Amino acid sequence: MPLQTPPLRGIHDERGAKFTEFGGWDMAVEFDSIQTEHAAVRENAGIFDVSHMGQIHVSGPDATELMQRLTSNDVSRLSVGDSQYAAITDEEGIILDDTVVYRLPDENGQPTYLFVPNAGTDEATHERWIRYRNEWDLEATVDNRTDEYAMFAVQGPNAVDLVESAAEGSVDDLERFEARYATIDGIECWTARTGYTGEDGFELIVPWTAAEEIWAAFDCQPCGLGARDTLRIEAGLLLAGQDFDPETDPRTPYEAGIGFTVALETEFVGRDALAEIENTGVGERLVGFQLIDRGVPRHGYDITNVESRVIGTVTSGTMSPTLERAIGLGYVPVEYAEPGTTLQVIVRGQSKKARVETTPFIDTV
């Protein structure tokens, strides 16, 4: 199948971006260099085109119940303008996806939500919501609006000032995980103080047809998926399909370190299984580590104990541009998960000493 293209594919090409396939999309992986873009976000500000992320819109009398029963967090806590991070789990408590749920202003007096599945999962997620809505006989409209909206992330220490300057009306009073509609260049944008870099900033959900105007409103470093990956690893954040995958590496929120998204006092698909796991504990857990020896850990590399017995696998790894050392994430048995524990990572056939670290690896907002 042909790759889907974001609305600014041509603009990025003219800027000299390099592209890669990601989640079925043809996305910019870097504009200048990963190091340049990474540094801009850590020290100043950068803008990412993340229009490959899904956009599912849910509204109606039973919208809250539908969202509550299909995501792991407590949706009922959300007031208009609030958002929350959550997992989407199956009956066994396995993470199918992770997502951010936004409570939009009510439509026709009914609760309304927008949530953001990961790239390439929007169609399956939309079908899942429709299937359960019908099975539970709930009254809610579920629309896949991925091809109607672009999404940009302005991130970094100066990102708030950039967005504040571009917006008509103030947005710098928004707290983390708060959002509202703001007008930028005459265009209404859902403006959320969320992000995936460990820095402050905003994610802007804008009409697909207005993408070029909004992108041009920000005079800062354009950034691709390469820098997005190094930034999120430093922040200890998960990447779907890499740090968990329901088919190749099934994990629960407790194993993946996002147990804080699980509201066991609510009823949702996978709740009973997760309640049992929360009671009995997990056998493995995702940990951060740094290499002590020279080398770079990569997805799929073996992790061993000091006796060279394989005990786990690297899920994400990079040479941290900020810290100038090799860091990574991987699952290990809980007895090896304590910070300071010595491990080994097999890098290109050679054993490299590593040490378990507390995540995030950097100070985050």
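The tour opens with a count: there are 18 salt bridges in this structure, where a salt bridge is a side-chain nitrogen of Lys or Arg within 4 Å of a carboxyl oxygen of Asp or Glu. Side chains of opposite charge can pair when their charged atoms come close. The model is predicted, so local features need pLDDT of at least 70 and side-chain atom pairs count only at pLDDT 80 or more, while totals for chains, interfaces and linings use all residues. Residues are numbered from 1 along each chain as its sequence is written, and side-chain values use heavy atoms, with hydrogens and water left out.

**First stop: R9 and D26**

Select R9 and D26. Their side chains form a salt bridge, with 2.7 Å from N to O. R9 belongs to helix α1 (residues 9-14) and D26 to strand β2 (residues 25-30), so this pair ties together parts that are 17 residues apart in sequence. Helices (H or I, at least four residues) and strands (E, at least two) are DSSP runs, numbered from the N terminus. R9 has a relative accessible area of 23% and is partly exposed; D26, at 14%, is buried. Buried means under 20% relative accessible area, exposed over 50%, and partly exposed in between (1.4 Å probe, protein chains only).

**Second stop: R77 and D74**

Next, select R77 together with D74. A salt bridge joins their side chains at 3.2 Å, N to O.

Move on to R251 and D249, whose side chains meet in a salt bridge of 3.0 Å, N to O. R251 is buried, at a relative accessible area of 10%, and D249 is buried as well, at 19%.

**Last stop: G120**

Finally, select G120. Where does G120 lie? Its place is in the loop between β7 (110-116) and α4 (122-135). G120 counts as partly exposed because its relative accessibility is 47%. Now show what surrounds it. Leaving out residues up to four places away in sequence, G120 touches G23, W25 and H52; contact means heavy atoms within 4.5 Å. To end, select G288 too: it is 168 residues from G120 along the chain, and the C-alpha atoms of G120 and G288 are separated by 27 Å.
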